Amino acid sequence: MNELIEIVGLTKAYDDRSVAVNNVTITLPKGKIIGLLGPNGSGKTTLIKMLNGLLTPTSGSIKINGAYVGVQSKARVAYLPDRTYLAGNKRINEVLGFFEDFYADFSREKAEEMLRSLNIDPTTKMKTLSKGTKEKVQLILVMSRNADLYILDEPIAGVDPAARDYILRTIINNYNPEATVLISTHLISDVEQVLDEVIFMRYGQLVLYTSVDNIREKHGKSVDAYFREVFAC
Amino acid sequence: MLGKLIKHEWKGLYKIGGIMLLATFAVALIGSLYFRSPMWVQLFNENGDIDNLASMTWLFMGIGSLVLCILMVVGLIYGMVIYLGVRFYRSMYTDEGYLAHTLPVTPHQLLGSKILVGGLWMLIANIVGMVSIFLMFFSMMASVFEGQQLGMSFWEIMREMWEGFTSLYENELGINVTGYMIYLVALFIVGSFSSLCILFGAITIGQLSKKYKAVMGILVYFGLLILISIIEMVISMVSMASSIMDGEIYMNTMFSPIISIAISVGLYFLSHYIIKRKLNLD
């Protein structure tokens with residue numbers, strides 16, 4: 001059994017006129033880096049929030065590793081949201097202790113090593129860090145877990161190009177090859193090099209799910225160029 | 001996991017909570033030392049040489065100081081309620097909620113840890129608040145009795161008053177004072193936790209709103225407090241009428257807390273349901 005995520009008929013409607021995710025059915029395998037791509041408002045973040053149990057679906061179901069979203073799935077999913085979810089008054093090493101307590105798959109040594117490589121002092125309080133450094137700390141926390149599924153929502157959106165390279169390297173070098181990484185972004189050219197598969201979303205619906213090689217072979221284009229063609233305004 | 005949640009919840013609360021309680025106790029200590037100053041003993045001395053106008057001025061100042069100290073203590077306890085409410089809202093329903101709700105814990109563990117730790121702080125705050133008010137009140141009364149030179153020590157007077165009180169309750173009204181005291185202490189403990197269930201429940205119900213979720217939470221909280229008061233009042237009036245008709249002694253305090261405890265238990269399960277089935281973080 002190679003399926004990791006099974007989504008069936010998933011819909012999230014805030015009201016009759018506002019359907020953020022519309023009847024999505026998809027099965028994602030283990031051991032792949034998958035780009036979740038789409039313009040702003042296409043439903044990427046809504047889908048990710050439902051995968052993490054932060055939004056309740058209007059209808060449909062999600063299974064991760066055979067289990068519905070709950071304690072069991074949360075123990076095996078490492079999630080990087082598109083915002084800072086750590087309290088500002090906490091020091092980085094307190095946050096490391098917190099992750100160590102709650103996630104059995106968290107490696108403190110790995111996190112400390114990554115912090116050292118970026119010259120981030122673990123005694124610093126979160127609120128004194130710059131936006132980019134906060135994002136790096138959160139990414140380090142997430143990538144220091146040996147999870148089955150890494151869900152990264154816009155991991156490179158708010159940082160400079162040098163930091164983007166570091167973040168992508170961190171993702172590639174630290175994820176468990178048996179695991180799947182789902183990366184949501186609209187900065188396709190930056191992540192294209194690391195992706196195995198892509199999902200295109202528009203208006204809450206699934207437009208395309210295919211491999212990067214398939215796009216290159218079939219359409220003779222990069223993912224970025226093909227995306228621009230599909231989503232041309 | 002509940003133990004770990006409790007540990008981290010306690011770590012997140014103890015600094016601000018501790019500062020607030022120390023501030024309460026400091027106000028009470030300064031207030032009680034102020035009321036024990038020789039000036040006060042002399043003021044309440046019938047043969048004192050302070051003229052009437054000065055005495056009246058001091059008396060008003062004294063009463064004013066006592067009221068001010070009590071208001072500060074009460075304010076600090078309400079400050080604790082507000083702090084716990086804001087902290088619950090921030091940690092559960094703002095950006096920090098993205099961490100809380102992706103932890104591998106059940107909604108019961110998440111809610112339970114917040115109610116247990118917050119309730120413990122409310123209990124401590126209530127105890128410190130009560131001790132503070134009693135401390136100031138007794139030190140003022142001690143100065144009054146000392147100044148009046150009644151020929152008895154303050155503690156002897158207090159003991160006599162207590163004996164009078166217990167004999168009135170036990171002999172005249174047929175109420176076991178010890179049992180009643182145990183009941184009140186139990187109520188005090190349970191009340192500290194149930195008040196938080198109501199507060200957290202209201203904030204969680206506010207999350208069902210599409211807009212202005214925090215404001216909705218506050219409105220629901222005050223709405224619930226008003227609703228509880230109305231229910232308690234209706235039950236009190238009904239039971240009072242029935243007691244009078246039966247020629248029995250009316251004991252209001254027996255019924256009222258049961259209502260708010262029942263509502264707080266209901267709100268706990270409603271909060272659990274909302275977190276489990278209706279969670280929608282912005």
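**Before you start**

The model is predicted, and local features need pLDDT of at least 70, side-chain atom pairs count only at pLDDT 80 or more, while totals for chains, interfaces and linings use all residues. Residues are numbered from 1 along each chain as its sequence is written, and chains are lettered from A and ligands numbered from 1 in the order in which they are written.

**Stop 1: chain B as a whole**

Select chain B and colour it by secondary structure. You will find nine helices and zero strands, helices being DSSP runs of H or I with at least four residues and strands being E runs of at least two, numbered from the N terminus. Along the sequence the pattern reads α-α-α-α-α-α-α-α-α. Of the 282 residues in chain B, 26% are buried; a residue is buried if 20 or more other C-beta atoms lie within 10 Å of its own, exposed if 12 or fewer, and partly exposed in between, with C-beta atoms placed from the backbone.

Among the contacts in chain B with a separation of 6 or more, 77% join residues 24 or more positions apart.

**Stop 2: the two domains of chain B**

Now colour residues 1–150 of chain B one way and 152–282 another. These are domain 1 and domain 2, with bounds that come from an automatic or database domain assignment. Where they meet, 24 residues of domain 1 of chain B are in contact with 24 residues of domain 2 of chain B. On the domain 1 side, α3 (52–93), α4 and α5 of chain B each supply at least two residues, and α5(B) has the largest share, with 14 residues. That side of domain 1 divides into 15 nonpolar, seven polar and two charged residues. Here Ala, Val, Leu, Ile, Met, Phe, Trp, Tyr, Cys and Pro count as nonpolar, Asp, Glu, Lys and Arg as charged, and the others, Gly among them, as polar.

**Stop 3**

**Stop 4: the six-stranded sheet of chain A**

Chain A has an open sheet of six strands in the order β6-β7-β8-β3-β9-β10, with mixed pairing; strands pair if DSSP finds at least two bridges between them. The edge strands are β6 (77–80) and β10 (205–211), each pairing on one side only. From one strand to the next the twist averages 15°.

**Stop 5: along β9 of chain A**

Select residues 197–202 of chain A, which form strand β9. Is β9(A) mostly covered or mostly open? Five of its six residues are buried, and the strand is mostly covered. Four bridges join β9(A) to β3 (33–37) of chain A in parallel, with A:G35 opposite A:V198 and A:L37 opposite A:F200. Six bridges join β9(A) to β10(A), running antiparallel, and there A:F200 has A:L208 as its bridge partner. β9(A) and β10(A) form a hairpin with two residues between them, and A:Y203 in the turn has a positive phi of about 50°.

**Stop 6: a second hairpin**

Move to β4 (59–64) of chain A, which pairs with β1 (3–15) in the antiparallel sense over five bridges; A:I7 is partnered there with A:I62. Two antiparallel bridges join β4(A) to β5 (67–68) of chain A, with A:I64 opposite A:A67. In their hairpin, which has two residues between the strands, A:N65 takes a positive phi near 55°.

**Last stop: the largest nonpolar core**

Bring chain B back and select A:I34, A:L149, A:Y150, A:I151 and A:V181. Of the 111 residues in the largest nonpolar core, these touch the most other members. Such a core is a set of buried Ala, Val, Leu, Ile, Met, Phe, Trp, Tyr and Cys residues joined through C-beta atoms within 7 Å. Helix α5 (107–148) of chain B gives the most to this core, with 10 residues. Domain 1 and domain 2 of chain B both give residues to the core, so it lies between them.

Key
Axes are lines fitted to C-alpha atoms, for helices over the stretch in contact, and angles run from 0 to 180 degrees between N-to-C directions. Two residues are in contact if their C-beta atoms, placed from the backbone, lie within 7 Å.
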